[in-house]
Amino acid sequence: MSAMRDMDETSKPVLSDRDREALRVWARGGPERSVRARIVLDAEAGLSVSGSARSLGISRPTVTTWRKRYAAQGLAGLEHRPRSGRPPQVDEADVVAATLAGPPAPARTWSARALADRLGVSHTTLTGVWRRWQVGPGEGSLPTVPADPALPCARAELLGVWARADRAVLVIGEAPTSEGQRGRATDADERRARHAALAAQLDRVRDTEPPRAGPPSTTGAHTPGGVPLPRDPGPGALIATAAARHPRRTLHIIAWGDEAADRATPDGHPDHDAPPEAIWHRADSTMSWSATACTVALAELAQFPGRFRPVLHALTEAARAYADAPGDAAFSWQRSETRAGRTPPRPVPRAFNQLALGSYNEKLVIESIREAGALSRVEVAEQTGLTPQAVSRITRNLLTAGLLAEDGRQSAGAGKPRVPLRLRPDAASAIGVHLDPEMISVVAVDLCGGILDRRQMHLFERRDPGWCLEHMTRLALESAAVARQASEALLGVGVAVPGPVDARAGIVLDPPLFDGWEQVELKAELIERLGTAVIVEKDATAAAIGERWLGAADRAGDFVYLYLGAGAGSGAFLNGDVYRGTTGNAGEMGELCAIRTGLLTDEGGPRMVAECAPISAVVDQAREAGLVVPQGDGAYDWVCEAAARGDDRAVTVLENVARTVALGAVGIIDLLDVELLVVGGPAVLPSVADLYLGQISAAVNRFPVARRVRDVHVAQSRPNQAAEVGAASSVFHSAFTPRLSPRGRSARGASPHA
């Protein structure tokens, strides 16, 4: 390994990019790992042992010990070793999972020497594990779990997991031979990322302190992303449920601890709930249940990538939720479905965990630094209410993980100069896709909002789902290739679409101007085609998220985003988080405009006004006013340019549309009582932005009931291409926004101790 040189006071290790990435991934396994990784990085930076010990708050002998261990053994030397000096027992399942995940680019498969060096085991040990598990380094190789009896992973499906400390059960289904591979095949980058995320969370579950003895829990087992269970049911109930839900599968049960000895419930009684036809396999002591689960998952991902990707997301999130708040119940996860047909994964994954942010306080620190641009540790503590010790530990972890960077020291008068911290733009990226009646737009955005790539395709005649999905996929994959080269982690894809939508399931429900889109499972289709996490948002909601993420401190409070394009809608940030409503359709304002203008249907309901489709309304009214507007996609731009040149007819048309939209904005201000209204979208071109803002500002400050006690500031949107940039920002928002409740409510306070 390139880093293996003596680390004394006069020399420093030479770390390759691969070494640094391996350190960062390894450091995400917990605070102790983070400190040890920081010791190595301090050595590379030339920091003395004393300086490193001071900055980390540990002893100099501790720094020296870990430096020497890394110099001698690489990452393996940073692991805990028994005091007796004997080498720790190798977790054979962990070795096999690393084999299936594959090596970093450009290598396609592991060599025995390279993997042995990476894992810190001998070549003889590694080849013995491969022989025992009947697996090799080739991409198509599938292992056989050496339990008693052995269990081949060919056609194996992970249906359930139950674990309490060292007692555990994996429920495996054997898929029928008629079911072949579905979906886009995985590559090594995807396998390594998904393995790292799942392994980190299952290890946290395994290391959770066992619950104290007492009455069984009545609060229910943790099953996010799977089937809710009424209480801590023990493995028998989980196995019985799996058998009932998957009758075509032959069930195999791999058991550890007491479950392997007597197949008992947590109370020690014979487990009569398990179906008698299930085949039991006693796990060997050389394999942990968590690493075996990763091995089975990677084998299934290789065989059935399309249908297993959302299942793998659900399992990882379930493990994260349990490890964050374990309570007194065992960990229990039940797979929700394995049908051959595609169904949208439910519930929608709430976060993208490639960066393994585990706590509310970590996200709160990131949010504070993002809003301010840069903050010192002292300022972070002041703004969040965290203790200085907690801030020091959290920022150290985030620096090691590569999310934060230190700027130059700044003098604050007497005392030690403060070191500002900022987000690293290249730490992560996301893809944003906007589907509009006129075009498909795709951007790749870095963590600080910088545009890495931008692509567009006009929709002239065809807007059917198959055509649009094909080109959305192509453009997104092209942008993703650019993003992966420019950043360390691609977190996912956000998609902004016209409403109405079922945002929870990612289904588009017959939007205006889109024929054939009555019920399109957009999210499920894109997950299968792109092989990554996908969020679907209504376009106005996505634009609001983008404004929040990129608007920094002056968008930190409540505001409403008025989105004007092919239609008119709004998105709202209230109490620190985006407000989507129950189904994701909050913010429709067309009926508010109709009520304000007194337009009613024959039945007495509000009748949609033409001005609620601003772009087409402007073009139609301009032609009615006698302007010779060209045909085609540039018609709206032409009218706006005419207004900018001073053409009275064009100005009158735009003012009329803006006044009608402004009446809907008045209703929104009366309903939500906010002081900031942001206006943006494809209709708000720079040449006519002042015209729109002027009409809307006049209305929202003249007509609302509470106008005497509230001045509404009307501002133009910050990001260009609001919907697509907002769609990408929705990925960051999901990953990094601090939340304390599963419903997504945010609170700005912090626990004073991380």
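**Briefing: helices, sheets and selected residues**

Thr-316 is buried, at 4% relative accessible area; buried means under 20%, exposed over 50% and partly exposed in between, with a 1.4 Å probe and protein chains only. The model is predicted: local features need pLDDT of at least 70, side-chain atom pairs count only at pLDDT 80 or more, and totals for chains, interfaces and linings use all residues. Residues are numbered from 1 along each chain as its sequence is written, and side-chain values use heavy atoms, leaving out hydrogens and water.

**Thr-316 and its surroundings**

- Thr-316 sits in helix H12 (residues 305-324); helices (H or I, at least four residues) and strands (E, at least two) are DSSP runs, numbered from the N terminus.
- A polar atom of the Thr-316 side chain lies 2.9 Å from the backbone oxygen of Leu-312.
- Ala-197 is 119 residues from Thr-316 in sequence, yet 7.0 Å from it in space, C-alpha to C-alpha.

**Arg-194**

- Helix H8 (residues 188-206) holds Arg-194.
- Arg-194 counts as buried because its relative accessibility is 11%.
- Its side chain makes a polar contact with the side chain of His-313, at 3.3 Å. A polar contact is a pair of N or O atoms within 3.5 Å; within protein, one must be able to donate a hydrogen and the other to accept it, and residues adjacent in sequence count only if both atoms are side-chain atoms.
- Leaving aside neighbours within four places in sequence, Arg-194 is in contact with Leu-301, Arg-309, Leu-312, His-313, Gly-531 and Thr-532. Contact means heavy atoms within 4.5 Å.

**Thr-125**

- Thr-125 lies in helix H7 (residues 123-133).
- Thr-125 counts as partly exposed because its relative accessibility is 32%.
- Thr-125 and Val-90 are 35 residues apart in sequence and 8.5 Å apart in space, C-alpha to C-alpha.

**Sheet S12-S11-S10-S13-S16**

- Five strands form this open sheet, in the order S12-S11-S10-S13-S16, with mixed pairing. Two strands pair if DSSP finds at least two bridges between them.
- Strand S12 (451-458) and strand S16 (534-538) are the edge strands, each pairing on one side only.
- Neighbouring strands of this sheet are turned by 15° against each other on average, direction ignored. Axes are lines fitted to C-alpha atoms, for helices over the stretch in contact, and angles run from 0 to 180 degrees between N-to-C directions.
- Strand S11 (residues 439-446) runs antiparallel to S12, joined by seven bridges.
- Ile-440 has Met-457 in S12 as its bridge partner.
- Helix H17 (residues 522-530) lies across strand S13 (490-497) and S16, at about 145° to S16.

**Sheet S19-S18-S17-S20-S21**

- This open sheet of five strands has the order S19-S18-S17-S20-S21 and mixed pairing.
- Its edge strands are strand S19 (577-579) and strand S21 (713-716).
- Neighbouring strands here are turned by 25° against each other on average, direction ignored.
- Strand S17 (residues 559-564) and strand S20 (residues 676-680) run parallel, joined by four bridges.
- Val-560 has Leu-677 in S20 as its bridge partner.
- Helix H22 (residues 648-672) packs on the sheet, touching S17, strand S18 (568-574) and S20, with its direction at about 160° to that of S17.
- Helix H23 (residues 689-702) lies across S17, S20 and S21, at about 165° to S21.

**Helix H24**

- H24 is mostly covered: 15 of its 15 residues are buried.
- A kink of about 25° is centred on Ala-728 in H24; the bend at a residue is the angle between axes fitted to the seven residues ending there and the seven starting there.
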